[in-house]
Amino acid sequence: MDESCALSSASPNSLSNLFTFVLATYTTSLRQEIEMAETLLYNALKEAIDEEMARDSQVFVLGEDVGHYGGSYKVTKDLYKKYGELRVLDTPIAENSFTGMAVGAAMTGLRPIIEGMNMGFLLLAFNQIANNAGMLRYTSGGNFKIPLVIRGPGGVGRQLGAEHSQRLEAYFQGVPGLKMVACSTPYNAKGLLKAAIRDDNPVLFFEHVLLYNLKQDLPSEDYVLPLDKAEVVQEGSDVTILTYSRMRHHVAQATKLLDKEGIGADVIDLISLKPIDFETVGASIRKTHRVIIVEECMKSGGIGAELSASIMDRFFDELDAPVIRLASQDIPTPYNGTLENLTIVQPPQIVEAAQKLATNRL
Amino acid sequence: MVQERERVLPSFSTTQANITREDGLIVYEDMVLGRLFEDKCAEMYYRGKMFGFVHLYNGQEAVSSGVIKAMRKDDYVSSTYRDHVHALSAGVPAREVMAELFGKATGCSKGRGGSMHMFSSEHNLLGGYAFVAEGIPVATGAAFQSKYRREALGDPNADQVTACFFGDGASNNGQFFECLNMAALWKLPILFVVENNKWAIGMAHDRATSQPEIYKKAEVFDMAGVEVDGMDVLAVRAVAQEAVARARAGEGPTLIEALTYRFRGHSLADPDELRSKAEKDFWFARDPIKRLAAYLMEQNLATQEELKGINRRIQATIEEAVQFGLESPEPDPSELYRFVFAEDK
Ligand SMILES: Cc1ncc(C[n+]2csc(CCOP(=O)(O)OP(=O)(O)O)c2C)c(N)n1
Ligand SMILES: [Mg+2]
């Protein structure tokens, strides 16, 4: 059953109900998190950078407007005052070249953190990311390592138009030598970014434009999270839901309803998009035998495409039903709000897919 | 800290201007249209009628009107994310630009593009490009097309010129230099128009470039480069006319650096905290619309009443555009995939 096809033939009326639902539930969930919360996600990221810069003088930040302006989402606000303009380097708008510069600095002993003002702009640096950051360690036969973090906002925001609403994971996942991580809460944002900075490999670190204002209580002591471990968000025995980044929060909306209906979802936030933590994924599939993948990436050649192929390779005998992939439509993200909402997966689709799998109506 | 001193604006004597009454009024009307349209956008954005990143052009009108109104209707224009006013100068009706901002099916990009992606093949508007500098190679390609038609296909009518608009920030990107080289190498009919408004979001121009006088970068490519007071539409027009004539004659490209200023923040989401009051005051005092109005009246080319009449007429055009945008239909959800491929008309 292909959910996205079902969606494009749905009547406009049921679609508009869908949006009312999405908006209402999404804003309540944000509010709930805010009430119990302490640290905003963008500040959690800033704490991670600040702590790592204090800990290791080789660590520095570079990118557009990271210094005086404080970063387009304020992740590096005022850090230049503390560390100076060379350690928080405002660059000209020259993505390919400053990314290449960071590779050179990393090869020669520094630990750069590149902020992509929007991750989409790194398309201009694709060559340096793929050929140099990704492949150079191998090409050089292990002569050099590239301890580099490339981080920044991405994903589909609110009516930002196609170029600023990119789903880049798909483009980068084929590049050998890159690690890819997607954070989704203030807690994991901080712990994962610190780990990424300490890692000796190039790490693409995805943040989502619509998650910067999430709030959460954070431990006051120093903590670092493993880069290669998925996070079990909730346990259940009926169906496995694999997701990451903002879609984790759409899944949370869906599971509220599913819980009420007695459908137990085992929700896993992948965290590491490359490599995938198949240990955690496999343990869940052995329990539920049914899988839904929920992603914001495009359906063709996306993370879900790769993931479902790997699940087939590794766990085919465990599956009681075909894997369902809920992904974005294969179109440039449209500006119009209605079309944009239709482009990405909405919670009712997740509910519907889980119901179908749970009752074996496939 | 930064940019405390203003660059000396190149002087231009109005005696060099010799603009006719008719042309003067066309240019005046175009600038007023740009200004009032953008003011309306701010209002509509705050009223929740348009979304995303909206970059307004207030203050820079002399560049768009000065260049585009010195060109022919069949010439090409390319722009950036700050593209509403270039679209208007290129002749895209205000209602189609406003409808696009409202995400409607009647917008010039059918509601798919939004503020940063205005397109109109009918008006040879090659588009608003949201990524810095990416419009430069595209515009260079359009200019190559003119040369190709004229020289490879022998079409004597293929003398269209392309105007490529971008900012000071874009002039530090590799695409700028690569295209300057190719355009000069092949003598392409193109105007590279840098709107140097001193800032790239929060990055002061002087902090981003080793040689702040951008027009000088033309010289190493053996290309004509000129600086012009971008707050004086008559000066911009004079420079543009010369560059257009050179391009049309097959004598190659020109790099025009227009010294200008944006009167608002980078986008409607920008708190605009880094620019000093002294700097803003320096430029506010050089409002290009007031300057042209004063000139037209001094030279007895128009009366105050006439100019007021134009303002009223433009205001009505914009109200009509808003009405049209509001009443226009949303794109049909069943057409989500329309325009992905060339077969979709
Ligand atoms: C490739 C790319 N990098 C970064 C950005 C983010 N960005 C948008 S506008 C801008 C500043 C551009 O300044 P300038 O070229 O001077 O044009 P202005 O906005 O002043 O008109 C930046 C960095 C972008 N849109 N595209
Ligand atoms: Mg600028």
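A residue counts as buried if 20 or more other C-beta atoms lie within 10 Å of its own. By that rule A:Ala358 is buried, because 20 other C-beta atoms are found within 10 Å. The structure discussed here is a predicted model.

**Chain A as a whole**

- The secondary structure of chain A comprises 14 helices and 14 strands.
- Chain A has 362 residues, of which 55% count as buried.
- Contacts in chain A between residues at least 6 apart in sequence join residues at least 24 apart in 81% of cases.

**Helix H10 of chain A**

- Helix H10 of chain A covers residues 247-260, which is 14 residues.
- Because 10 of its 14 residues are buried, H10(A) is largely enclosed by the rest of the structure.
- Its buried residues are A:Met247, A:Arg248, A:His249, A:His250, A:Val251, A:Ala252, A:Gln253, A:Ala254, A:Thr255 and A:Leu258.
- Just after H10(A), A:Gly262 adopts a positive phi of about 80°.

**Packing of H10 against H14 in chain A**

- H10(A) packs against helix H14 (residues 347-358) of chain A at an angle of about 50°, and the two axes are 8 Å apart.
- This angle makes H10(A) oblique to H14(A).
- The crossing of H10(A) and H14(A) is right-handed.
- On the H10(A) side, the contact is made by A:His250, A:Val251, A:Gln253, A:Ala254, A:Leu257 and A:Leu258.
- On the H14(A) side, the contributors are A:Pro347, A:Ile350, A:Val351 and A:Ala354.
- By class, the residues of this contact between H10(A) and H14(A) are 8 nonpolar and 2 polar, with no charged residues.
- An α-helix has 3.6 residues a turn, so residues three or four places apart point the same way.

**A:Ala358 and its surroundings**

- Leaving aside residues up to four places away in sequence, A:Ala358 touches A:Asp238, A:Val239 and A:Ile263.
- A:Ala358 and A:Ile324 are 34 residues apart in sequence, and their C-alpha atoms are 12 Å apart in space.

**Where chains A and B meet**

- In the contact between the two chains, 33 residues of chain B touch 29 residues of chain A.
- The side of chain B that touches chain A consists of 18 nonpolar, 12 polar and 3 charged residues.

**Helix packing in chain B**

- Helix H2 (residues 61-68) and helix H8 (residues 233-248) of chain B have axes that come within 8 Å and cross at roughly 40°.
- H2(B) passes H8(B) in a crossing that is right-handed.
- From H2(B), B:Ala62, B:Val63, B:Ser65, B:Gly66 and B:Val67 take part in the contact, while H8(B) supplies B:Val233, B:Val236, B:Arg237 and B:Ala240.
- This contact of H2(B) with H8(B) has 6 nonpolar, 2 polar and 1 charged residues.
- Helix H1 (residues 21-46) of chain B packs against H11(B) at an angle of about 40°, with 9 Å between the axes.
- That angle makes H1(B) oblique to H11(B).
- The crossing of H1(B) and H11(B) is right-handed.
- Among the residues that make this contact are B:Leu33, B:Leu36 and B:Phe37 of H1(B), together with B:Ile310, B:Ile314 and B:Ile318 of H11(B).
- The contact of H1(B) with H11(B) comprises 11 nonpolar, 2 polar and 2 charged residues.

**Backbone features**

- A:Lys274 and A:Pro275 are joined by a cis peptide bond, with omega at about 0°.
- A:Pro275 is located in the loop between strand E12 (272-274) and helix H11 (278-288) of chain A.
- B:Asn300 has a phi near 55°, a positive value in a residue other than glycine.
- B:Asn300 is placed in the loop between helix H10 (288-298) and helix H11 (304-327) of chain B.
- With 8 other C-beta atoms within 10 Å, B:Asn300 is exposed.
- B:Phe339 is not a glycine, yet its phi is positive at about 85°.
- B:Phe339 lies in the segment after H11 of chain B.
- B:Phe339 is partly exposed, with 17 other C-beta atoms within 10 Å.

Notes. Residues numbered from 1 in each chain as written. Chains lettered and ligands numbered in written order. Predicted model: local features only at pLDDT ≥ 70, side-chain atom pairs only at ≥ 80, totals over all residues. Helix = DSSP H or I, 4+ residues; strand = E, 2+ residues; numbered from the N terminus. Buried ≥ 20, exposed ≤ 12 C-beta atoms within 10 Å, placed from the backbone. Contact = placed C-beta atoms within 7 Å. Expected span 1.5 Å × (residues − 1). Axes fitted to C-alpha atoms, helices over the stretch in contact; angles between N-to-C directions. Parallel < 35°, antiparallel > 145°, perpendicular 65-115°, else oblique. Left-handed = near helix turned anticlockwise from the far one by under 90°. Nonpolar A, V, L, I, M, F, W, Y, C, P; charged D, E, K, R; others polar.
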